[in-house]
Amino acid sequence: MRHERSTEVQDVTLEAPDQDGQNQATLKRDISLALITFYGLGNILGAGIYVLVGKVAGEAGYFTPLSFFIASVIAGISAFSYAEMSSRYPVSAGEAVYIYEGFGIKNLSVVVGILIALTGIVSSAAIAHGFAGYVQVFFDISPWLAISLMLLVLTALAIWGINQSVMVAALLTVIEIIGLLIIIFVGAEKLPELLTRIDLGAVAVDTGQNITLSDFSMLGVISGAFLAFYAYIGFEDMVKVAEEVKQPQKNMPRAILLCVVLSTLLYSIVALVAISVLSPEQLSRSDAPLAVVYEEATGRAPVIISIIGIFAVINGCLVQIIMSSRILYGMAHKGWLPAPLGIVNPITRTPINSTLLTSAAILLFALVLSMVSLAEMTSYLVLIVFTLVNLSLVRIKRREPSPEGVRVYWGWLPKLGFLTTVTFIAIELLSNIL
């Protein structure tokens, strides 16, 4: 049984015969290490810091950087499990296959696959609200119209081709990084002032408005970390295009870990700069928080940073559309979902049906739910899947500890990943009850 499961996964990357015995079109291996790294990094940055830093500040206050740090630790531990899994099973169905390999239960794998696709859909809907916020800096346009137009363009791009989509995502990622560096540059002079206000030995906020222990709320920091965790979502999406990556056994683990490290460095600095320029209350009131930070720090209209914010949100949404459509494709390709979702267009070499279904669902969620609700829902879904992936890897490593050609990490990492994700979910649920 074990050998059959492994063989089935490996065969996914081959051309699949249709009912007449003819070969169907397959996905194209066209993504390099650099492109997949920028693809993942763009998804992480676009989904988080440009949209949610203000909402995190609203929960954690001046301890917002601590919330981002906690979220980075939890995400980073599970990133090692994803890195190893992507080397063991470089297929588009991603977590659905990982769970199947660990537990051998098809129905559980189908549920997990649907959860992951739903995660990308809900995440994109949350990002779409950020797009509307940044666009409204320039135009008095209704949010639903802005979101609809963005999704129309991105759906067309995702259908056009994977290499074109990833190259656009890589270019937008460079723009996103430039935007964050601009925020750091214009707000850096406020950091010394923030540091002088920290007085953790005091018991109350004095007349000088120092930052004291009375400003610290563990529940606030944990709630902020739960939202900030959403900002790290993205590295797990990279595995959904594994069948389109060159030398995936080597390049996927490298790209995943690079993305987590680079995003953590950028997030930590930007969060510090943001709360040094504006108070947490001011940040929390904006759906385009970095635009407000830029305006306050420079005294100029936030034209540049708002344009970059629009690009960042577009990039994050594009990557999520690709991710969700690929997992629907991968599951249909294995016979776990209706066959039409597994059809690859012979001209574009992309799964058009899966892409259209994904975009329609994103639009529905974006028009019905708020940004914070969507972000919290995404975090819950991803943490549940992380828990299962970590536990699955524990079982797989017992069965096959060191397969040839696979990048293997320490055995205690998936166990720690399982414990941290379960604990994080439990604490957040408890804080909501309290």
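This is a predicted model: local features need pLDDT of at least 70, side-chain atom pairs count only at pLDDT 80 or more; totals for chains, interfaces and linings use all residues.
## About the model

Local features here need pLDDT of at least 70 and side-chain atom pairs count only at pLDDT 80 or more, while totals for chains, interfaces and linings use all residues. Numbering runs from 1 along each chain as its sequence is written, and side-chain values use heavy atoms, with hydrogens and water left out.

## K397 in helix 16

Let's start with K397, which sits in helix 16 (residues 371–399). Helices are DSSP runs of H or I with at least four residues, numbered from the N terminus. K397 has a relative accessible area of 12% and is therefore buried (under 20%, with a 1.4 Å probe and protein chains only).

The K397 side chain comes to 2.9 Å from the backbone oxygen of Y409. Beyond neighbours within four places in sequence, K397 has contacts (heavy atoms within 4.5 Å) with E84, R88, V408, Y409, W410, G411 and P414.

## I314 in helix 14

I314 belongs to helix 14 (residues 303–333). It is buried because its relative accessible area is 18%.

Setting aside residues up to four places away in sequence, I314 touches F131, M150, L154 and L172.

## Two loop residues with positive phi

Q247 is in the loop between helix 10 (218–232) and helix 11 (248–277). Its phi is near 45 degrees, a positive value in a residue other than glycine. Q247 counts as exposed, at 54% relative accessibility (exposed is over 50%).

R349 lies in the loop between helix 14 and helix 15 (352–368), with a positive phi near 60 degrees.

Definitions and conventions:
A polar contact is a pair of N or O atoms within 3.5 Å; within protein, one must be able to donate a hydrogen and the other to accept it, and residues adjacent in sequence count only if both atoms are side-chain atoms.
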